[in-house]
Amino acid sequence: MDYLKTVVPSQLMAERGANLVVINPGSTNVRMGLASQDMPFNVPHCIARHKNDAGKLSVRDQIASLLKIPFLNEVSSAENQPLPPKMGRVDGLSSQQNKDDSKLTWTDVMDKSIKSSTSIESSDADEDPSQSTSDDGKRPNSEEMKYKEMIFGEDALKIPPSASYCLSRPIRRGHFNISQNYPLHQVLEDLRTIWNWMLTEKLLINPKDRNLYSVILVLGETFDNREIKEMLSIVLGDLGFSTAVVHQEALAAAFGNGLSTTCVVNIGAQVTQVVCVEDGVALPHTALALPYGGDDISRCLLWVQHRHRTWPSFKTEPMKRPMDMLMLNKIKEAYSQIRSGSFDAVAHVHSYEHEKSVGQQKTRLSALSVPPMGLLYPRLLIPEEYPPPPRPWFQDCDDMLEDTWQTNDGVSGNGGLGAWDSYQMLPTRLKKFDNIGLVEAIVSSVLSTGRVDLQRKLFCSIQLVGGVASTAGLAPVLEQRVLNTIPSNQPVERVVVLQSGRNPLFIPWKGGVILGVLDIGRDAWIHREDWIKNGVHVGSGRKYKDSYFLQSQIMCYYNT
């Protein structure tokens with residue numbers, strides 16, 4: 001303990017974080033890095049596998065396709081527009097020269113494979129035994145081009161549409177992206193393959209040495225306990241880490257900013273989460289999950305430009321062509337901001353409809369304050385009813401924390417019934433998907449604490465994290481609107497949205513680093529041998545500190 005009082009924080013991070021891997025998976029990106037690093041690797045959470053049958057690029061995105069956002073189905077072709085597009089003059093508008101308008105390039109899906117001379121000779125001998133080799137008895141190695149079997153990250157999103165690949169995203173809208181065309185075992189295999197690729201290629205950790213490393217999973221509140229169990233099985237069983245621990249994303253975000261009491265507003269790419277933290281403990285009854293995020297703002301940006309007829313006559317399809325979604329995200333991050341009055345900007349819009357030639361046009365983007373305002377008015381982003389993701393995979397398994405092993409007939413298991421047919425969410429683990437605005441969600445979450453002194457602290461300590469938190473003008477608008485939305489009978493006079501010195505996208509990951517480095521005793525860590533041989537089940541015995549996160553109060557190991 002005396003050592004911890006005198007050691008320099010950077011030295012402590014370097015010493016205790018050298019063999020500690022922190023993984024923060026999201027619906028769009030996964031952030032992974034060693035605790036000794038300043039910043040993690042931020043890679044699109046997707047994988048593309050080559051298909052043997054000839055065909056075009058296919059995208060398995062079941063949950064996103066269920067949204068049926070109205071403006072995505074609208075036809076914006078030139079023949080349906082009674083008036084020509086309002087392209088306008090671009091020389092009189094404010095310059096945005098510092099923005100990145102560079103075009104994206106298609107991924108090279110071909111890989112050079114060197115064919116050795118011995119294999120060539122053997123194949124030639126099979127075809128014609130009488131044919132001899134060259135005079136010196138040696139033949140040079142030859143190169144042949146073949147398709148890459150797997151492509152990861154941003155390169156997978158930039159695969160040409162004509163290439164025969166299947167693009168898969170294992171996590172969408174805060175859950176496993178499971179459907180009839182994307183079964184559970186394939187989702188888990190893709191997760192394992194993506195994480196293994198990042199560990200090997202990005203972190204340079206040899207699979208043989210992973211038993212020397214520990215892993216921290218920083219997970220959002222939307223994941224079900226079965227999904228958490230599967231991810232633990234991946235890192236401990238498949239990837240071979242020695243120990244692992246799970247931390248809540250909201251709690252990690254609070255520690256990442258050095259706060260003990262705060263209202264964490266995590267605006268991700270596809271899900272927005274609001275959770276209150278008091279004295280380093282997340283309050284489960286304050287958790288709210290909203291089914292929209294940065295990707296919905298990007299699609300709203302395209303819809304607004306179509307409405308104003310300022311978008312070029314390009315066929316932009318973000319739901320079918322991942323390259324278009326990448327471009328929309330870049331434009332959103334560069335130009336979207338919240339300010340009073342009308343805000344226009346000049347941008348270079350690229351067309352990726354044709355692989356051979358990438359079209360480009362300089363155009364005026366109008367009403368750039370409208371898309372991010374969809375966080376306050378979600379009717380701009382999502383339909384009135386948000387269809388829940390399909391969950392049929394829960395019917396063939398037992399909840400890892402549900403005591404269904406002793407039945408009336410004495411048979412182990414769940415008696416042939418689905419473990420989730422009569423499953424009721426514990427009152428300590430509330431998850432709500434309400435189509436309400438961000439302001440109403442913050443006020444509802446804070447007021448649900450029920451204590452005036454705590455409410456005042458939380459309203460003066462609202463913390464924005466996630467990629468969308470960097471939107472210019474969002475913090476002052478939230479301060480004003482949250483203050484105006486608080487009921488008049490509540491004795492709250494001040495609302496403060498804290499500004500972070502770090503990139504808000506990486507704050508939860510950094511908080512996971514701090515939690516892992518400062519956890520000296522590691523009482524809550526799960527060892528690989530215990531997990532593989534015994535598993536986890538409800539009972540009396542070893543206590544898991546983050547028990548509510550897994551919908552359990554006390555857990556112990558059991559023999560199967």
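The model is predicted, so local features need pLDDT of at least 70 and side-chain atom pairs count only at pLDDT 80 or more, while totals for chains, interfaces and linings use all residues. Residues are numbered from 1 along each chain as its sequence is written, and side-chain values use heavy atoms, with hydrogens and water left out.

**Overall picture**

Let us start with the chain as a whole. It has 15 helices and 24 strands; these are DSSP runs numbered from the N terminus, with helices (H or I) of at least four residues and strands (E) of at least two. Of its 560 residues, 52% are buried, where buried means under 20% relative accessible area, exposed over 50% and partly exposed in between (1.4 Å probe, protein chains only). Among contacts (heavy atoms within 4.5 Å) with a separation of 6 or more, 72% are between residues 24 or more positions apart.

**The nonpolar cores**

A nonpolar core here is a set of buried Ala, Val, Leu, Ile, Met, Phe, Trp, Tyr and Cys residues joined through side-chain atoms within 4.5 Å. The largest one has 41 residues, and the members touching the most others are Cys263, Val265, Leu375, Leu438, Ile442, Leu478 and Val482. Elements that each supply at least two residues include strand S14 (262-267), helix H9 (294-307), helix H11 (438-447) and helix H13 (474-485). H11 gives the most, with 6 residues. Beyond residues up to four places away in sequence, Val265 touches Gln273, Val274, Leu438, Ile442, Ile462, Gln463, Leu464 and Val465. Apart from this core lies another, of 40 residues, with Trp195, Ile205, Val215 and Leu236 among them.

Helix H14 (residues 507-518) reaches 16 Å from its first C-alpha to its last over 12 residues, close to the expected 16 Å, a span taken as 1.5 Å times one less than the number of residues. Of these 12 residues, 11 are buried, so H14 is largely enclosed by the rest of the structure. Trp509, Lys510 and Val513 are among the buried ones.

Ser336 sits in the loop between helix H10 (322-335) and strand S18 (345-351). With a relative accessible area of 9%, Ser336 is buried. Leaving aside neighbours within four places in sequence, Ser336 contacts Leu301, Ile331, Leu368, Pro372 and Thr471.

**Aromatic rings and cysteines**

Rings of Phe, Tyr and Trp (its six-membered ring) pair if their centres lie within 6.5 Å; planes under 30 degrees apart count as stacked, over 60 as edge-to-face and the rest as tilted. The structure holds 3 such pairs, including these:

| Pair | Centre distance | Plane angle | Type |
|---|---|---|---|
| Tyr147 and Tyr165 | 6.3 Å | 70 degrees | edge-to-face |
| Phe152 and Trp197 | 4.8 Å | 10 degrees | stacked |

Tyr147 lies in strand S7 (residues 142-147) and Tyr165 in strand S9 (residues 165-168), so their pair ties together parts 18 residues apart in sequence. Tyr147 is partly exposed at 37% relative accessibility, whereas Tyr165 is buried at 0%. Phe152 belongs to strand S8 (residues 150-152) and Trp197 to helix H6 (residues 184-202), so that pair ties together parts 45 residues apart in sequence. Both Phe152 and Trp197 are buried.

The charged end of Arg339 sits over the ring of Phe343, 4.1 Å from its centre; the rule asks for NZ of Lys or CZ of Arg within 6 Å of the ring centre and within 35 degrees of the ring normal.

Finally, the cysteines: the count of disulfides is 0, with a disulfide defined as a pair of cysteine sulfur atoms within 2.5 Å. Cys166 is buried at 13% relative accessibility, and Cys460 is partly exposed, with a relative accessible area of 27%.
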